[in-house]
Amino acid sequence: MLQTKQLTKRYEDGQLALDSLNLEIKSGEIYFLLGANGAGKTTTINLFLDFIKPTLGSVLINGIDATKEPLEAKKHVSFLSENVMLYGNFSARQNLDFFAKLGGKTNLTKADYYDLLRKVGLQDVAFEKKLKTFSKGMRQKVGLAIALAKDADNMLLDEPTSGLDPQAAAELVTLLKEQRKAGKAILMCTHDIFRAKELADKVGIMKQGCMVKQLTRKEFLEEDLERLYMEYIGQTQIESR
Ligand SMILES: Nc1ncnc2c1ncn2[C@@H]1O[C@H](COP(=O)(O)OP(=O)(O)O)[C@@H](O)[C@H]1O
Ligand SMILES: [Mg+2]
């Protein structure tokens with residue numbers, strides 16, 4: 001379970017990036033946090049990972065306070081960042097091996113790594129190639145394999161479809177459905193409304209650090225999510241079609 005309670009972040013320069021955010025994502029749920037650039041999505045993820053400290057409020061992973069007990073909390077979460085940081089001189093398999101071990105998985109074999117890389121849709125010929133030759137989409141796939149290898153109860157995904165081609169994005173959707181079935185709690189930060197329609201159990205629309213609207217799947221399927229999104233983030237209304 002992923003939770004935030006009155007979570008607030010004011011950066012040192014005075015910027016209020018997050019204002020009293022309350023979230024609860026249970027096992028077997030995919031939550032889409034939608035919002036324009038600067039809405040506070042990455043800030044929320046960085047607070048879960050204790051990369052930054054909250055100004056007020058709390059952030060919990062499986063009930064463990066991620067600010068007070070970050071090492072314990074982080075055992076229960078895997079993370080895919082928007083810009084996956086990997087070692088350019090290591091192959092895909094070597095990066096996976098390195099980060100899996102860092103995440104506490106010491107029993108995986110070469111065959112397990114190949115299975116994981118195949119599962120995320122990386123081509124076999126790329127498994128032993130150096131990362132510095134990879135496209136953004138290929139890096140993203142290795143990052144996803146690292147997240148899957150950890151097999152934590154909770155997943156944090158920051159703009160995971162941003163570098164992916166349509167086929168890879170569709171594969172990601174299939175993978176996330178499997179993860180949901182396996183009981184993971186998944187927080188996905190994105191402005192990808194189309195994936196939200198496909199996949200989300202709940203969506204939250206954020207604007208300038210505030211949650212302006214939360215909708216269950218049933219609620220957003222009854223309405224036009226794209227129109228609602230535009231309305232709530234206060235951009236120009238879409239022409240009626
Ligand atoms: N380290 C930082 N210092 C000061 N302001 C920041 C910092 N990181 C992000 N911000 C500001 O906080 C707000 C939210 O940013 P962010 O969480 O990155 O939004 P999103 O991921 O939704 O695009 C933005 O106004 C951004 O400029
Ligand atoms: Mg961001």
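This is a predicted model: local features need pLDDT of at least 70, side-chain atom pairs count only at pLDDT 80 or more; totals for chains, interfaces and linings use all residues.
Which residues lie nearest the centre of the largest pocket?

**Whole chain**

Show the protein chain as a cartoon. There are 9 helices and 10 strands to find. The radius of gyration is 18 Å, close to the 18 Å that the globule rule gives for 241 residues, so the chain is as compact as a globular protein of that length. Turn the view along the principal axes: the C-alpha atoms fill a box of roughly 50 × 45 × 35 Å.

Colour by burial next. Of the 241 residues, 48% are buried. Contacts can be sorted by sequence separation: among those between residues at least 6 apart in sequence, 66% join residues at least 24 apart.

Where the domains meet, 16 residues of domain 1 are in contact with 12 residues of domain 2.

**The largest pocket**

Now select Phe 79, Phe 99, Leu 102, Ile 146 and Lys 150. Of the 23 residues that line the largest pocket, these lie nearest its centre. The space in this pocket is about 650 Å³.

To see which elements form the lining, select strand 6 (77–80), helix 3 (92–102) and helix 5 (136–150); each gives two or more residues to the lining of the largest pocket. Helix 5 gives the most, with 5 residues. Colouring the lining by class shows 14 nonpolar, 5 polar and 4 charged residues. With the domain colours back on, at least three lining residues of this pocket come from each of domain 1 and domain 2.

**The largest cavity**

How many cavities of 30 Å³ or more does the structure hold? There is 1, and about 70 Å³ of space lies in the largest cavity.

To display its lining, select these residues:

- Leu 80, Val 120, Gln 140, Lys 141 and Leu 144, which are among the lining residues of the largest cavity.
- Pro 160, Leu 164, Ala 168, Glu 171, Leu 172 and Leu 175, which are also in that lining.

The largest share, 4 residues, comes from helix 6. By class, the lining of the largest cavity has 8 nonpolar, 1 polar and 2 charged residues. Domain 1 and domain 2 each provide at least three residues of the cavity lining.

**Gly 40**

The last stop is a single residue. Select Gly 40, in the loop between strand 3 (29–35) and helix 1 (41–48). Is Gly 40 buried or exposed? Its relative accessibility is 8%, and the cut-off for buried is under 20%, so Gly 40 counts as buried.

Leaving out residues up to four places away in sequence, Gly 40 touches Ala 17, Leu 18 and Met 206. Then draw a distance from the C-alpha atom of Gly 40 to that of Gly 209: the separation is 5.0 Å, although the two glycines are 169 residues apart along the chain.

Note on methods: Residues are numbered from 1 along each chain as its sequence is written. Chains are lettered from A and ligands numbered from 1 in the order in which they are written. Side-chain values use heavy atoms; hydrogens and water are left out. On a 1 Å grid over the protein atoms alone, a cavity is a set of points where a 1.4 Å probe fits but cannot get out, and a pocket is an open set with protein on both sides within 12 Å along at least five of seven lines; lining residues have an atom within 4 Å of a point. Grid points are joined across faces, edges and corners, and a volume is the space filled by probe spheres set on the points. Ala, Val, Leu, Ile, Met, Phe, Trp, Tyr, Cys and Pro count as nonpolar, Asp, Glu, Lys and Arg as charged, and the others, Gly among them, as polar. Domain bounds come from an automatic or database domain assignment. The radius of gyration is taken over C-alpha atoms; the globule rule is 2.2 Å times the number of residues to the power 0.38. Buried means under 20% relative accessible area, exposed over 50%, partly exposed in between (1.4 Å probe, protein chains only). Contact means heavy atoms within 4.5 Å.
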